[in-house]
Structures are given as structure tokens and as C-alpha cells.
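Please read the following briefing alongside the sequence and the coordinates.

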Amino acid sequence: MFDPVTLKLNVDPLIEGALKEDISSEDVSTNSVMPHPQAGEADLICKEDGIICGMQVFCRTFELLDPDTKFELFVKDGDEVKKGQLMAKVHGDIRVLLCGERTGLNYLQRMSGIATYTHQVAALLEGSKTKLLDTRKTTPNNRIFEKYAVTCGGGHNHRYNLSDGVLLKDNHIGAAGGVKEAITAAKAYAPFVRKIEVEVETLDQVKEAVEAGADIIMLDNMDHETMLTAMGIIDGKAEVEVSGNVTKENIAKITDLGVDYVSSGALTHSAPILDISLKNLHAV
């Protein structure tokens, strides 16, 4: 759940932008059939099994249109939901419920889809020491929602943005002239409280990263045998992250490596939505 300051400063403007995208001047359909205020209510129903996420954002969408909109919530973020389950009742001006329906559902379906997919992937790591991380492969202007959804599904957040941590990838290494040069430069520039993570693609780069004193070594797109060899080279001298096309279908192959982290862009860029509807709207 977003705290009040984050909600006001970082979340509300994004929801308002989404509402403005959907209502550039007026909701012609709603104004045609409902020209005057009319109290009403509607049911929020889940249409498939999953993990719910985004209830606060869903509610906030309608509250920004009309603060008098009220909600009866029967689930909370992180709960498992079943097909056909009544998750909430929404009470307010029917015109507001119609205007905010699609925007509110877009957030709720997307966030719940990410939470559901993350939950499925995280279950495959149960019993291992490996933490499941997301990446920065998020929808522009929706990162705050998508990374929150990952945590609701049982995953963990990698760095939030470029200001949040040092991660030296292939192009940083190329620009610096090598793994050792990149790590040395980062240590000289970054605050001492920052860990230095470096992405490596070969065993030679693994050796160089260990010798240069990297705090975290990311094994990128390596096959299983190469990763096993890399773990022997690192030998506890740095934390280890595995990355590169990690999905629900192949993540189980990583559990025997004993790595600290596995990051997956699929959590945010490939999760399908969870089907949710606002139904049974009627006047009261």
C-alpha cells in the first residue's frame, strides 16, 4: 500500500494523467444517458484465479473524480482470489463510476496480472536461498505500480531507477575499456555506501570482476555449466545474480546453483492481465 505522501506526490499525478488521457473534454457516452447526478453502486468481480494487487489505486481513480465515492472492500493487496469472487462494492455517482471504470480497471488488471505471474515464478524458487528480483523493463510512467505489484506477488525490487544504484552493464564496460576499469572508476566516483554490481558474460570477465572487488556479479545469459564454473571462481567473494531471459518456464534450472538473486524482466514486461470486471451497475 502506498503511504499518504507517496500517494499524493507520485501516484495521484499519474492516475490523473491516465484519466485525462481517457477524458479529453467529456465522457460523451455517459453524459448522453446520465445527464444528472444519480447515486448508484456496482460490483467488482474477479473473473479468474490469481493474486489481487492495486485495490488502493483502483479506489483512488474514482476518489480523484469524486471524493464522495465510497468502497466496501472484501479483499486486500496480496490476497489470493478465485474466479467469480466478489472483491468490492463501489458506491457513488453513476456518472463517476462510468467515467472512471476503464482507467481503474486498467490499473487493477495490470497490477494483479504482474502479482499473479510473480507469485507463480517465486513458487518455483521455494526451498532455495535465491531471491526473485524485477528489472527496469517496465511500462513508461507505470514503474511505481509495476514494481509494487512484484512485491505483492512475493518478489523483490531491484534498483528503482538509474539514481538508485551502480550496475555496470556491457556498454558501461565497453565505454570504460574493460571490467576492471569500470569497477575502479565506479568505486572512485560512487558514494562508499553504494554496492558495485557488474554484469559479466564470460568466465574471463568473472575472474576480472572478482579481482577488481565487485560487490555483486551478475551472470548474464550464461548456460548452466558455465554458471557452475563461475560460482567456483567467485567462491563467496561476491554476491551473485543470474539474469538473461529468465521466465517461469526455465527458472527452476537455476535453483541448484546457490546464487543470491535471479532477476527477470518477464515479471513486468510479459505478465498477462488478470481478468476483472465492474458489473451490475444500478441506481440506488
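The points below are grouped by topic and describe a predicted model.

**The sheet**
- Four strands make up an open sheet in the order E3-E5-E1-E12, and their pairing is antiparallel.
- Strand E3 (70–73) and strand E12 (276–283) are the edge strands, and because each has a single partner strand, one side of each is left without a neighbour in the sheet.
- On average, and with direction ignored, neighbouring strands of this sheet are turned by 20 degrees against each other.
- Within the sheet, seven bridges join strand E1 (residues 39–46) to strand E5 (residues 86–93) in the antiparallel sense, and Ile45 stands opposite Leu86 in E5.

**Helices across the sheet**
- Helix H3 (residues 55–65) lies across E1, E3, E5 and E12, and its direction makes an angle of about 160 degrees with E3.
- Helix H4 (residues 94–123) lies across E1, E5 and E12, running at about 165 degrees to E12.

**Aromatic contacts**
- Across the whole structure, a search finds five aromatic pairs; one of them joins Phe58 and Phe62 edge-to-face, at 5.1 Å centre to centre with 70 degrees between the planes.
- Both Phe58 and Phe62 belong to helix H3, where they are four residues apart, about one turn of the helix.
- Phe62 also pairs with Phe71 in a tilted arrangement, at 6.3 Å centre to centre and 55 degrees between the planes.
- Phe58 has a relative accessible area of 1% and is therefore buried, and Phe62, at 0% relative accessibility, also counts as buried.
- Phe2, Tyr107, Phe145 and Tyr148 together form one aromatic cluster.

Note on methods: Residues are numbered from 1 along each chain as its sequence is written. This is a predicted model: local features need pLDDT of at least 70, side-chain atom pairs count only at pLDDT 80 or more; totals for chains, interfaces and linings use all residues. Side-chain values use heavy atoms; hydrogens and water are left out. Two strands pair if DSSP finds at least two bridges between them. Helices (H or I, at least four residues) and strands (E, at least two) are DSSP runs, numbered from the N terminus. Axes are lines fitted to C-alpha atoms, for helices over the stretch in contact, and angles run from 0 to 180 degrees between N-to-C directions. Contact means heavy atoms within 4.5 Å. Rings of Phe, Tyr and Trp (its six-membered ring) pair if their centres lie within 6.5 Å; planes under 30 degrees apart count as stacked, over 60 as edge-to-face and the rest as tilted. Buried means under 20% relative accessible area, exposed over 50%, partly exposed in between (1.4 Å probe, protein chains only).
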